[in-house]
Amino acid sequence: MPVAEYINFMLERMDDIIVLTGQHIQLSFIAIVVAIAIGVPLGILMTRFPSISSFILGLANAVQAIPSLAFLGFLVPIFGIGSTPSIVMVSAYALLPIVKNTYTGLTGIDKAIVEAGLGMGMTEQQLMTMVRIPMALPVIMAGVRIAVVMAVGFTTLAALIGAGGLGQLIYRGISMVNNRMIVAGAVPAMILALAIDKIFSFLEKAVTPRGIR
Amino acid sequence: MKRNLLMGISAVLITVLIASCGLGGGARRGATGDTIVVGSKNFTEQIIVGNMVADLIEAHTDLKVVRKMNLGGTSVCFEALKRSGANNGIDVYVEYTGTGLVNILGMEATTDPDKAYETVAKEFKDRWNIVWLEPLGFNNTFTLAVKEDFAREHKIETFSDLQKISDQLVLGGTMEFMERPDGYPGLKEKYDFKFKDTKSMDIGLRYTAITTGDVQVIDAFATDGLLVRHNLKILQDDKHFFPPYYAAPVIRQDVLEKYPQLKDILNQLASQISDEEMQKLNYLVDGEGKEAAEVAKEFLKEKGLI
Amino acid sequence: MIRFENVTKKYGDTEIIKGISLEIKDSEFVVLIGPSGCGKTTCLKMINRLIEPTSGRIYINDKDISEMDVIELRRNIGYVIQQIGLFPHMTVRQNIELVPLLKKWPREKRAERVKELLDLVGMPPEKFMDRYPTELSGGQKQRIGVARALAADPDIILMDEPFSAIDPIARTQLQDELYELQQKLHKTIVFVTHDIDEALKLADRICIMKEGTVVQFDTPEAILRNPADDFVENLIGKKRIWKQPEYVTAGDIMITNPVKALPSRTLAQAVEIMSESGVDSILVVDKENRLLGIVTAEDIRSHRDKAKKLEEIYTSNVFTVKPDVSILNVLRLMSQKNIGYVPVVDENNVLKGLITRSTLVNLLGGN
């Protein structure tokens with residue numbers, strides 16, 4: 001199986017690949033934004049109400065443990081087919097690393113620093129916004145980075161519920177026993193994951209305050 | 001400071017909500033107008049016949065057709081149909097009588113094709129207000145296949161022939177086949193198969209597995225185009241275990257009421273595709289790499305339906 | 001004025017503060033000291049309510065602090081902890097202006113205050129203002145810590161072992177600076193330490209604690225002269241000169257590495273050695289370290305020929321003492337003979353050390 005054959009096939013399908021990659025990016029991106037919008041506040045909430053933290057972490061862990069296909073099957077009756085259930089599933093999977101890293105980032109701060117803040121008369125909110133969050137930001141971003149790479153991977157499943165994305169080529173290729181088609185879907189997905197990982201590792205550095213780099 | 005944070009978070013949330021509505025709502029908004037959403041499962045035959053259904057509607061009505069092909073399996077399609085195209089689901093797809101009877105209704109299998117069709121038609125109507133249109137003609141039943149030279153060597157024609165040497169063989173089946181009551185569990189009991197080992201795998205991977213010799217027997221669809229390409233022989237179900245799997249469009253009653261012309265349009269397909277024809281169409285896609293949508297369109301033109 | 005009234009603190013069944021009553025006056029520098037677990041840090045943190053007492057009351061200027069707004073209370077009390085208490089993600093400027101920012105001072109006033117405070121702690125603002133804590137030495141961080149506590153000009157400053165993680169040389173300097181600062185600012189300072197030297201050096205009054213009770217609360221002089229019990233006596237052990245100077249011997253206080261030279265050295269070399277060590281006399285010893293005599297800078301100046309050997313000019317007539325002689329006798333000898341230094345030798349005339357006038361002055365000065 002000469003490589004040229006694969007490359008030709010990809011060039012032939014370039015229009016498809018570009019459209020599907022676009023869908024893939026859109027689906028993963030929305031899912032990750034939802035996961036951040038839910039996960040970070042949840043992580044913050046856990047530091048304020050430690051009694052719920054193990055419950056929430058357990059829940060996020062449990063969600064992660066649901067097999068992805070079963071999860072999809074469970075979501076279709078609720079959300080139908082298309083992008084909504086895909087986004088719901090991918091956000092649910094992406095939640096754990098975000099919640100976990102937010103929580104550990106916020107609680108892993110040196111006790112002395114927290115005490116200094118309180119001793120100087122910061123309110124809990126001020127301590128959160130002025131000290132905990134800025135200091136935890138690198139850890140939170142590391143969680144987001146893991147979540148994003150996961151999201152790009154899980155979004156291939158979107159093809160199974162009619163939401164498109166690169167999974168369409170992969171699953172079509174598998175059912176047609178067409179390796180070229182599988183590769184035409186898998187390679188862009190892999191490149192996407194690597195590129196996004198790079199972008200986020202850069203962002204991770206960018207949000208790290210200079211004093212704790 | 002806290003207020004800023006909260007406002008930031010809510011701004012993000014609102015943006016996301018709007019964005020996801022925009023994404024998911026496309027089909028929904030259209031469907032409340034004059035849109036029909038056609039679905040299919042995720043294997044070649046389904047995508048071909050799904051496209052046929054879509055092409056016919058497009059050719060003979062002014063309705064806008066949205067294609068949701070390649071959905072991950074029976075349950076996704078059926079759940080989507082129950083919701084309707086106007087509600088993030090679909091309005092019509094092609095289902096098999098045997099699957100409807102055993103998988104969806106959870107009833108006993110039957111070997112009588114007419115009885116099977118009558119039962120699913122009645123039950124789907126009563127339970128979900130879903131209508132079975134006329135069958136397309138082919139019977140994509142489950143079957144077992146072995147390599148042609150292997151069959152010649154061991155003089156195997158029927159399932160009963162296979163049973164005699166089954167203790168030396170490994171069976172590879174789709175995950176669905178290995179689990180369904182009308183699949184391997186029932187088959188094993190009926191023929192007393194004693195396979196050395198069984199392996200579940202994805203649809204396409206069975207062919208790879210039998211080619212490399214990891215398994216000697218696979219489950220197959222009678223109309224599967226790849227059987228030809230991989231030199232596989234279909235064995236006879238001499239005790240008639242597998243129920244018939246005649247394919248027919250299933251459509252929501254409310255859609256039919258709104259667009260009564262759809263019934264006649266889709267029934268043009270009735271008995272138009274024989275087992276051989278379906279197998280050939282499948283081969284054009286799986287074996288020769290043609291686009292399923294094109295293969296469907298060509299066929300309809302040939303038959304003078306569009 | 002800070003007043004504790006029957007303050008107790010229990011964690012579960014363990015009572016770590018057992019009914020403390022004490023009064024700290026305005027502008028007073030009070031040091032809380034005692035072994036770890038004695039409750040000194042707990043007492044400190046109860047003043048800004050980081051820890052709430054189980055029973056009893058604490059008053060600041062006759063107001064019960066439990067009835068005050070806790071945030072307001074803390075913003076009006078300076079708080080210094082070990083160097084890690086600086087926020088690592090904030091610059092020096094941001095760290096210092098934090099409390100003024102919390103108190104919503106206008107920007108210009110904050111900027112002015114930061115400069116003022118950096119000048120006060122001897123760190124040029126233009127050089128340090130925009131640095132991060134990781135870019136500072138331990139001593140510098142602690143100065144910023146003090147500046148931060150002073151930022152909103154609080155009347156009371158709490159300091160929790162602020163200098164404990166700093167190397168001894170920088171620590172001595174910081175203590176001196178803090179002392180001078182206090183002479184200028186007259187704050188009410190409550191300072192926790194486990195280092196008795198630090199306490200004696202800084203405190204107006206020392207509060208010695210043990211197992212949740214106050215053992216003795218008095219001026220350093222009074223504590224040194226009249227320790228309340230064996231515990232206090234042990235704590236101040238090294239400082240027993242205040243109580244029984246006759247038991248302190250020459251061996252205890254002598255400099256153990258005095259500047260010395262062999263008699264074969266030339267005068268030029270001797271001058272070099274003295275100037276290097278910053279002394280004005282040199283002890284002459286033989287190869288077995290037995291004391292032969294002494295040569296002063298003045299002796300050398302009176303000889304033009306610097307190629308001469310020490311053995312030609314040294315004074316062998318030197319007053320010496322043995323290591324076990326009481327320092328009272330040494331003092332007496334020095335004042336009677338009007339000499340500035342006394343070598344300490346053993347019975348074989350081997351040189352052990354040297355006592356100079358400045359050794360004694362330092363000692364009697366409390367340090």
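**Stop 1: the two domains of chain B**

Begin with chain B and colour residues 34–139 and 244–302 as domain 1, then residues 142–234 as domain 2; these bounds come from an automatic or database domain assignment. The model is predicted: local features need pLDDT of at least 70 and side-chain atom pairs count only at pLDDT 80 or more, whereas totals for chains, interfaces and linings use all residues. Residues are numbered from 1 along each chain as its sequence is written, and chains are lettered from A and ligands numbered from 1 in the order in which they are written.

The C-alpha centres of domain 1 and domain 2 of chain B are 27 Å apart. Where they touch, domain 1 of chain B supplies 17 residues and domain 2 of chain B supplies 11 residues; two residues are in contact if their C-beta atoms, placed from the backbone, lie within 7 Å.

Which elements of chain B give two or more residues to the domain 1 side of this contact? Select helix 2 (44–60), helix 4 (97–104) and helix 14 (275–286) of chain B. Helices (H or I, at least four residues) and strands (E, at least two) are DSSP runs, numbered from the N terminus. Helix 14 of chain B provides the largest share of that side, seven residues.

**Stop 2: residues 21–200 of chain A**

Now select residues 21–200 of chain A, for which UniProt lists "domain: ABC transmembrane type-1" in an unreviewed entry. UniProt positions are given in the numbering used here, feature names are shortened, and annotations may be inferred rather than shown by experiment. The span is 84% helix and 0% strand, and its end C-alpha atoms lie 19 Å apart.

**Stop 3: a helix pair in chain A**

Select helix 2 (residues 14–48) and helix 9 (residues 179–207) of chain A, whose axes lie 11 Å apart and which pack at an angle of about 45°. Axes are lines fitted to C-alpha atoms, for helices over the stretch in contact, and angles run from 0 to 180 degrees between N-to-C directions. Helix 2 and helix 9 of chain A are therefore oblique to each other (angles under 35 degrees count as roughly parallel, over 145 as roughly antiparallel, 65 to 115 as roughly perpendicular and the rest as oblique).

Show the side chains of Ile17(A), Thr21(A), His24(A) and Ile25(A) in helix 2 of chain A; they meet Ala184(A), Pro188(A), Ala189(A) and Leu192(A) in helix 9 of chain A.

**Stop 4: chain C against chain A**

Finally, display chains A and C together: 20 residues of chain C are in contact with 19 residues of chain A. On the chain C side, helix 2 (70–75) and helix 4 (98–102) of chain C are the elements that give two or more residues.
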